[in-house]
Amino acid sequence: MRSLKNVKKKKVIKVGIVVVIAIAVIVAFMPKHSGEDQQMPISSFSLEKKDLTESISTSGKVESVESKNVSAVAEGKIKTVYVKLGQQVKKGDLLAQLDTTSAQREREKAQKSNKSETDLALQDMESKYREFDNAKFLFEMGEISKDDMIKAQTAYETASKDYENKKQSADISTFQQQIADATLRAPISGTVTLVNATEGNASSGVLFTIEDTQNLKVTANVSEYDINQVKKGQRVIVKTEMTDDLELSGEVRSIAPTAQKEESTGKTTATGKVQFSVEIGIKDRNPDIKIGTNARVNIVTAGKEGVLAVPFDALVKSKQGSNIYVADKKGNSYVVREIKVKTGLENDLYVEITGKEVKEGLRVINNPKDLTVGQEVNLG
C-alpha cells in the first residue's frame with residue numbers, strides 16, 4: 001500500500017510542475033500593453049535655443065591696474081606717519097616725514113664754511129666787472145685794442161660763474177635734496193594697502209603701497225596650445241571666491257609677447273608647461289572683490305546667439321555621423337525616433353546641432369545609449 005501511495009504522489013508533483021511551466025510560457029508570450037512593463041521613466045528635455053560660447057578656462061590673481069610702492073631715498077629715522085592701512089589718499093598727500101635734524105645741521109656747517117669763499121668770489125666778480133667796464137670805455141676812446149677789451153670781458157664772466165658756483169655749492173645742494181627727500185608723498189591716488197612705517201624706526205625697505213582698488217585686473221597664464229586663440233579685446237567672464245557664481249565682465253587688455261621666463265636666468269622656462277601671461281581688465285566694479293584673491297576666468301574665443309544645442313550625453317555617434325534620440329508622442333506613451341544631426345560650436349557642456357529635422361520643442365532624450373529606435377518609453 002505504501003509504495004502505491006508514493007507513486008501517486010510523484011505523479012501529482014510532476015503534473016504540477018508541467019502546469020507551472022506551461023503557465024510561465026504563456027505569460028512570457030502574452031503581448032505587453034503600454035505602461036505594463038514597469039519601465040523606469042526616461043530623462044528628457046525640450047530642445048531650446050541658447051547663447052553658446054567657446055572659451056579657454058584658466059585662473060589668476062586679482063591685482064590693481066595701478067600700484068606703487070613708496071620707499072625712502074636714503075635710510076633715516078621715521079619721525080611722523082600720517083596715514084593708516086585702508087586710508088584713501090590723493091596724489092601728493094603726505095605719507096610720512098623722516099627726521100632731518102642731521103641733514104639740516106650739516107647744511108648749516110657747509111653754508112658757514114662756504115660763506116667766506118662766497119664773499120671773496122663776490123668781491124673778485126665786482127672787481128672784474130669794474131675792470132671790464134673801464135676796458136669798454138678805453139676801447140671806445142681808442143686807448144686799448146679790441147683783444148684787451150675781450151680779455152677783460154672774459155675775466156669778468158669767469159669770476160661771475162665762480163661766484164654762482166660758490167653760492168650753490170655741491171655740498172649745500174646735497175643736504176637740501178636730503179631734506180626734500182625726507183618728506184614722503186603719495187605718488188598716485190588710491191588706497192593705502194601696506195603700511196610698513198613705524199615712528200622711531202629706520203626707513204628701510206618698502207614703507208607704503210598705494211593701489212587703485214576701483215580699477216582691477218587679473219593676471220592669468222595661458223598655455224602655448226591655446227595662446228594663439230587669445231586676442232586683445234576678447235570678452236572674458238570672471239568669477240572669484242568672494243563673489244561665488246556671480247559672473248563679472250572682463251576684457252583681454254594685453255598678451256605677453258614671449259613665454260614666461262625664469263627670474264634667475266631670464267630665459268624661457270625649460271621644464272614644465274610653457275605659458276604666456278595675459279592681462280584681463282575687470283570692467284564690472286564690485287566692492288566684494290579684494291586685491292590678491294583667486295579668480296577663475298573664461299576667455300571667450302568664439303560665440304553664437306540663439307543656437308539649438310544639446311549636452312554631449314544626448315549625442316549618439318556612429319560611423320555615419322552624429323544623431324540624437326527624440327521621444328514622439330503616441331497615445332499615452334512615447335516612441336523613440338532617431339534624428340541625424342550635424343554638430344557645430346561647442347563648449348564644456350553643450351554642442352550646437354543642426355539638421356533638416358532639428359527644430360525647437362523636440363523632446364530630446366538624455367543619455368539614450370540603452371534605448372533602441374521604435375521602443376516605447378515613459379518620460380519623467
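The legends below describe close-up views of a predicted model. Local features need pLDDT of at least 70, side-chain atom pairs count only at pLDDT 80 or more, and totals for chains, interfaces and linings use all residues. Residues are numbered from 1 along each chain as its sequence is written, and side-chain values use heavy atoms, leaving out hydrogens and water.

**View A. Phe132 and Tyr156 form a stacked pair.** A search of the whole structure finds 2 aromatic pairs (rings of Phe, Tyr and Trp, the last by its six-membered ring, with centres within 6.5 Å; planes under 30 degrees apart are stacked, over 60 edge-to-face, the rest tilted). Phe132 and Tyr156 count as stacked because their ring centres are 6.1 Å apart and their planes meet at 5 degrees. Phe132 is buried at 10% relative accessible area, while Tyr156 is partly exposed at 22% (buried is under 20%, exposed over 50%, partly exposed in between, with a 1.4 Å probe and protein chains only). Together with Tyr129, these two residues make up one aromatic cluster.

**View B. Lys50 sits over the face of Tyr350.** The distance to the ring centre is 4.6 Å (the criterion: NZ of Lys or CZ of Arg within 6 Å of the centre and within 35 degrees of the ring normal).

**View C. Strands β4, β6 and β7 build an open sheet.** The 3 strands follow the order β4-β6-β7 with antiparallel pairing (strands are DSSP runs of E, at least two residues, numbered from the N terminus; a pair needs at least two DSSP bridges). β4 (78-81) and β7 (183-185) each have a single partner strand, so one side of each lacks a neighbour in the sheet. Between β6 (residues 94-98) and β7 there are 3 bridges, and Gln97 has Thr183 in β7 as its bridge partner.

Terms used. Helices (H or I, at least four residues) and strands (E, at least two) are DSSP runs, numbered from the N terminus.
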